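Take a look at the model below.

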Amino acid sequence: MSAQLYELFIAPFSEFVFMQRALWGILVLSISATPVGVFLTLRRMSLTGDAMAHAILPGAAIGFLISGLSVTAMTIGGIVAGCVVAVLAGMVARHSNAEEDSSLAAFYLLSLAIGVLIISANGSNVDLLHVLFGSTLALNDDALILLTIIATISILALAILYRPLVMECVDPHFFKTISKLSAVAHYGFLLLVVLNLVAGFHALGTLMAVGLMILPAAIARFWSNRLGGMLFVAFITAVISGYFGLFLSYHASLATSPAIVLVLGILYIISLIFGRQGGLIFKNNS
Amino acid sequence: MFKSTLTSSMIILGLSTSSAVMAEQKIAVISSFSILGDLVSEVGQEHVNVTNLVKIDGDAHVFNPTPQDAKAISKAQLVVTNGLQFEGWMPRLIEAANYQGVQVVAANGIEEISTKEGHSCGHAHHDDEHKHHDNEHKHHDDEHEHHDDEHAHHDDEHAHHDGEHKHHDGEHEHHEHAHHDHGDIDPHAWHSIKNVKVYVHNIAKGLIQVDPENTNDYQQNAKDYIQKLDKLELKLSAQLATVPEAQRKVITPHAAFGYFARDFNVTFLAPQGTSTGSEASAADVAALIKQIRHDNVNAVFMENIADNRLIEQISRETGVKVGGKLYSDALSAADEPAATYLKMMQYNVDTIVNALHK
C-alpha cells in the first residue's frame, strides 16, 4: 500500500529532476506572489494584476529581440515596461480626474499593442507569445535563480511595506492625507506586482502567473477574515495546487500551467460553496 | 566570318530581347513558407518572382499576416501552399485578399502519415523498447489500410510512390482525396525527398497553368531538380546507412520529422506534438526521459523554429548531449548552412549522423 502511494505521489518527483525543478519554481513563486495577490484583492485591484501581465509584454519582447531567449534580458525588459506603465497610470490617476482603473487600462492596452507590434514586426522569429505561455517543465538554472532572487526581494520589501500597505487597504484616502508614505507604499507595491509577474512568466507564462497570484488570495478570503490567516491560507493553497497541478500533468498528461491554474479554480469553487467566511452555505451564519 | 558575326549578334539580340521580356513578365508567386519558396524558385528559375509569407527561421504554425501580405497575395498570379492543414491561417488570408487566381497545394498526392499513429508524442507513451520497430512497421500497414478504405485511386497512388517516378498526370485526380481526415495528418511532408518530388510536379503544373509559354522551361527545370533530389536521396541514405538501425534514435522539440523517419528508418521522439502551438505535459516529458534511459537514445537536437528550453532540460536530466540544431519548418539565412532545401536536407542528415557516431 505504502509502496503504491509512494509510486503515485512521490515517485514522479523523486525520479525526474524536471519535476523537482517545476515544484521548486512553484514553491518559490507561491512564497512571493500570494501575499502580493492578497494585498491586490484587499485593495480591490485584482484585475490590475491581469492588466500588468499584459503591460510587461513589450519589454519582454524587446529583451527577446536583443538577446534571444535570455532570462536576464527578458526580465529586465519586462520589469522596465511594467514599471513605466504602473508609474504612468498611477501619476495620471493621482494628478488628473481620471480614475486609476481607466488610466491603467489605457496604458496597459497601449503597452500590449506595442508588444504585439514588436513581435509581429519581427515575424521571422520564434513566436514570443508562445514562449510567454508557460514553460514550467523547462525551468533552467537561470530561471530558478531569478525566481529565488525575486522571491527574496519581494518578501523583504513586503516586510518593510507591511504597515503602510495595511493602511492603504483600510482607508487609502485617510492615509493619503496623514502620511507621505502613501505614495511610497503604492508605487512600491506596484513594483512588487510587476516583479512577481515577471518571475511568474518564466515559470507559468504571463497569464497563468496572474492565476497563481490572484486565485489563492480569492480562496483565502473565504476562509479567514484576518490578514495573517489569509496570507497563510493563500500560500498553502498555492503550494497544494502547484503540487497537484504537476501531479495531474504527470498522471493525466495535461499541459502543466493550465493544470495548476485549474486545480486552483476547483479549490476556488469549493471555497465559494463551503468557505467559512461568506461561502454560499455559511453565508447566513457569518 | 560575316555569317558568324551575324549569328552571334543575333544571339546577343535574341538574348537581350528575351531577357527584357522576361524581366517584364516575371510571374509573381506567393509561397507560404521558405522551403516551398525555394522549390518554386528552383522550378521557375528566371521566370518567377517568389515571395515567402513566413520568412526564414520563422514558424508557420503560428503566423500573424499583415496587410502587406494580403496585398502581395492579391497581386500574385500563383499561390503555393503546403496543405495538410500546415498553414491554418492561409484560407482566411486568401479569402481576405480576394485572391481568385491559381492555387497550388504542393502536398497533394503525397503518401500521408497520420499523427495519431505516427511519430509524434504518441511514441513517447511506449515505455517498452521492443515495441518500437514493430510499431514503425505497423504504421505503414495502418496507412495502407487507411488508403484502402478511403481511396478509390489507391492503386494509382501506390504505383506512383513505390515505382519509378513516372510523370503521369494522375496527381491532379488526387486533389479531392487530400482533403479528407483533416487534422490527423502530419503536415511536415517535405522531410521526405520522395514527397518533395511530388511537390515539384505540382508546382511545375501550377506554373505551366499560369504561364503556358514557358512550359518547356518549367518541365526541364523540374526534371533537373528531381535528378538532384534523386542523387541527394541516394547520398543521404548511404550516409545514414553507416549508423546501425538500432542506434538511430533522436529527440527533437516538436514532432516534425515523421516523414524523414519513415524514409530513413530513424526513430524521432518529441515532447511537443506536430504543431509548435501545443504545450507538453509532464507525462510526455517523463515518458520521453524514461525512454531515453531505457533505449539508449544517442542525441537530442534543437530546431531553428522551436522553443528549445525543454530540450535543454531533457538533455540536462538524461546526460544526453545536444547534437546540434536541425532545420525543420524553415530555411536559414543565406549565410547559414540551410539556405536551400537541398542544403537543409544535407545539413540535417550530416548533423544527425555526426551526433549518432559519437
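Two strands pair if DSSP finds at least two bridges between them. Helices (H or I, at least four residues) and strands (E, at least two) are themselves DSSP runs, numbered from the N terminus. This is a predicted model, in which local features need pLDDT of at least 70, side-chain atom pairs count only at pLDDT 80 or more, and totals for chains, interfaces and linings use all residues. Residues are numbered from 1 along each chain as its sequence is written, while chains are lettered from A and ligands numbered from 1 in the order in which they are written.

Start with chain B. Four strands form an open sheet there, in the order E2-E1-E3-E4, with parallel pairing. In general, strands of a sheet pair through backbone hydrogen bonds, either parallel or antiparallel. Strand E2 (48-54) and strand E4 (102-105) of chain B stand at the edges. Each has a single partner strand, so one side of each is left without a neighbour in the sheet. From one strand to the next, the twist averages 20°. Strand E3 (residues 78-81) of chain B is joined to E4(B) by 4 bridges. In this pair, B:Val79 stands opposite B:Gln103.

Two residues are in contact if their C-beta atoms, placed from the backbone, lie within 7 Å. Helix H3 (residues 67-75) of chain B touches strand E1 (27-33), E2 and E3 of chain B, and its direction makes about 135° with that of E1(B). Helix H7 (residues 193-210) of chain B lies across E1, E2, E3 and E4 of chain B, at about 170° to E4(B).

Chain B holds another open sheet of 4 strands, in the order E6-E5-E7-E8, and its pairing is parallel. Its edge strands are strand E6 (267-269) and strand E8 (322-326) of chain B. Strand E7 (residues 299-303) of chain B pairs with E8(B) over 3 bridges. The bridge partner of B:Glu303 in E8(B) is B:Leu326. Helix H11 (residues 309-318) of chain B packs on this sheet, touching strand E5 (249-251), E7 and E8 of chain B. H12(B) lies across E5, E7 and E8 of chain B, running at about 175° to E8(B).

Which residue of H12(B) deserves a stop? B:Leu356 lies in this helix, which spans residues 341-357. B:Leu356 counts as buried because it has 20 C-beta neighbours inside 10 Å. (Buried means 20 or more other C-beta atoms within 10 Å of its own, exposed 12 or fewer, partly exposed in between; C-beta atoms are placed from the backbone.) Its contacts beyond four places in sequence include B:Val243 and B:Ala299.

Now turn to chain A. It has 13 helices and 0 strands. Of its 286 residues, 49% count as buried. Helix H3 (residues 46-55) of chain A packs against helix H11 (residues 206-221) of chain A at about 160°, with axes 9 Å apart. How enclosed is H3(A) by the rest of the structure? Largely, because 7 of the 10 residues of H3(A) are buried.

Notes
Axes fitted to C-alpha atoms, helices over the stretch in contact; angles between N-to-C directions.
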